Amino acid sequence: MGYSKTILVTGGAGFIGSHVVRLLVNKYSDYRIVNFDKLTYAGNLKNLTDVENAPNYAFVKGDICDREALKNVFEEYNVSDVIHLAAESHVDRSIEGPMEFVMTNVVGTVNLLQQAKDSWNGEGNHVFHHVSTDEVYGSLGDEGLFEEITAYDPRSPYSASKASSDHFVRAFYHTYGLPIKMSNCSNNYGSHHFPEKLIPLMINNIVHKKPLPIYGKGDNIRDWLWVVDHASAIETIFHKGRVGESYNVGGLNEWTNIALVKHLCRLMDQKLGRSEGESEQLITYVTDRAGHDMRYAIDATKLESELNWKPSVTFEEGLDHTVDWYLNNSEWIEEITSGSYREYYESMYDNR
Ligand code: NAD
Ligand code: TYD
C-alpha cells in the first residue's frame with residue numbers, strides 16, 4: 001500500500017514513545033510508523049505488543065549515534081517525517097554519568113538532524129518534530145510559569161544535554177531551513193513508565209511495602225501531565241504547529257513531591273484494601289538530589305489558544321487509570337525489576 005507519510009519515531013520503545021507509536025499506528029492507517037530504537041535499559045518492545053503486528057508498523061533496532069544505521073533506515077523506508085524522542089531521560093543517572101547523555105541526546109540528535117537534512121535535501125513536504133522537556137528552562141521560585149520565551153537555564157547534566165539538543169534543532173532550522181517543530185513538556189506519568197521515575201517507583205514500592213524514598217524535604221514541585229495527553233499534544237503540534245516554532249505542553253497541575261506521594265498512598269490503600277494511613281508509614285526521607293531543581297510549571301497557553309489542544313483528564317482521573325494499569329500488569333514491572341535494574345537501584349541507595 002502507498003502510505004501518505006512514513007514517520008520515523010525514535011525512542012518508540014520507551015515510555016512516551018510507545019504511547020506516540022500506539023496513537024499514530026491506530027489512528028492513521030495511511031501512515032507508516034517506523035520505530036527506531038536502540039533498546040537501552042529503558043526501551044521495551046513489550047510496551048507495544050498491542051500494535052506489533054499492525055501492517056503500518058515496523059521496528060528497526062538501531063542507535064541514533066550510528067550515522068550508517070540512520071542512512072539505511074531513511075533509504076529503506078523513504079522516511080518523510082521524524083518524531084524524535086530517543087534520549088537518556090533520567091536526571092539521577094545523568095548525575096552518576098553524564099557522558100551517555102551527551103552521546104545520545106546531543107551527538108545522536110545532531111546525527112539525526114544531519115541525516116534528515118541530507119535525505120530531504122531541501123525538497124518536498126517534511127516535518128522534524130523534536131520532543132523536549134521543560135527542564136531546559138531551569139528552576140522556578142514560588143511564582144511564575146515557564147513560557148516559550150523563557151531563557152534557557154539548564155542545571156542538571158540531563159537538562160543541559162536536552163537544552164543543547166534544542167539549540168541544535170533551532171540552528172538547523174535557521175541555518176539550513178530544516179522544517180523543524182519543537183515541544184517542551186512537563187513531567188509525564190502513566191502506563192509503561194520505567195520504575196526509576198517518581199510515580200511508578202512509588203507505586204511499585206507501595207505494592208511491595210518497601211520504603212518510599214523522598215529526596216530532601218519533599219517540597220520540590222513538579223507539574224504533571226498524563227502521557228496519553230502528551231502524545232495527543234505531539235500529534236497536534238506535528239500536524240498543525242507552525243514550522244520553526246516551539247510549544248510548551250503542560251496541564252497546570254502542580255504538586256509537591258510529598259503531597260503527591262501521600263495522595264498515592266491514600267489511593268492505593270483503598271485499592272489494595274489496606275487500612276487508611278498504612279502505606280504512608282513507608283515514607284522515608286533520604287539525602288537530597290544534587291542540584292535538585294525546586295519547581296517546574298508550564299504555561300501552555302500558546303498550544304491551547306493557537307492549536308486548540310487541552311488535556312483530556314484531570315490528574316485524579318489519570319492517576320486512577322495509571323494505578324489500575326500497574327496493579328493489572330504486575331508481570332510488566334516484575335520483569336524489569338528482577339534484572340540488572342535491581343542492581344542499579346540498590347547501588348543508588350547504597351550510595352546515600
Ligand atoms: P525513556 O527513557 O522511557 O525512553 C527513551 C527511549 O529511547 C528508550 O526506548 C531507549 O531505548 C531509546 N534510546 C535511548 N538511547 C537511544 C539511542 N542512542 N538510539 C536510539 N534509541 C535510543 O524516555 P521517555 O520518558 O519516554 O522520554 C522520551 C522523550 O521525551 C525524551 O526525549 C525526553 O527528554 C522527553 N521528555 C520526557 C518527559 C518525561 O516526563 N518522561 C517529559 C518531557 C519530555
Ligand atoms: P523524576 O521522576 O526523576 O523526574 P524529574 O527529576 O525529571 O522531575 O523525579 C520527580 C521528582 O521526584 C523530583 O523532584 C525528584 C523526586 N524524587 C524523589 O523524591 N524520590 C525518588 O525516588 C525519585 C525517583 C524522585
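I will talk about the ligand site and then about the nonpolar core.

This is a predicted model, in which local features need pLDDT of at least 70, side-chain atom pairs count only at pLDDT 80 or more, and totals for chains, interfaces and linings use all residues. Residues are numbered from 1 along each chain as its sequence is written, ligands are numbered from 1 in the order in which they are written, and side-chain values use heavy atoms, with hydrogens and water left out.

Around ligand 1 there are 28 residues, and the closest are Ile-16, Asp-37, Ser-89, Tyr-158 and Lys-162; a residue belongs here if one of its heavy atoms lies within 4 Å of the ligand. Turning to polar contacts, meaning pairs of N or O atoms within 3.5 Å, a polar side-chain atom of Asp-37 sits 2.6 Å from an oxygen atom of ligand 1, while a polar side-chain atom of Thr-104 is 3.0 Å from a nitrogen atom of the ligand. Taken alone, ligand 1 exposes 840 Å², of which the protein buries 96%, with areas computed by the Shrake-Rupley method with a 1.4 Å probe.

As for the core, the largest nonpolar one has 35 residues, and among those with the most contacts inside it are Leu-8, Phe-36 and Phe-128. Such a core is a set of buried Ala, Val, Leu, Ile, Met, Phe, Trp, Tyr and Cys residues joined through side-chain atoms within 4.5 Å, where buried means under 20% relative accessible area with a 1.4 Å probe, protein chains only. At least three residues of this core come from each of domain 1 (5–185 + 226–249) and domain 2 (198–221 + 254–305 + 313–339), with bounds taken from an automatic or database domain assignment.

Technical notes
A polar contact is a pair of N or O atoms within 3.5 Å; within protein, one must be able to donate a hydrogen and the other to accept it, and residues adjacent in sequence count only if both atoms are side-chain atoms. Buried means under 20% relative accessible area, exposed over 50%, partly exposed in between (1.4 Å probe, protein chains only).
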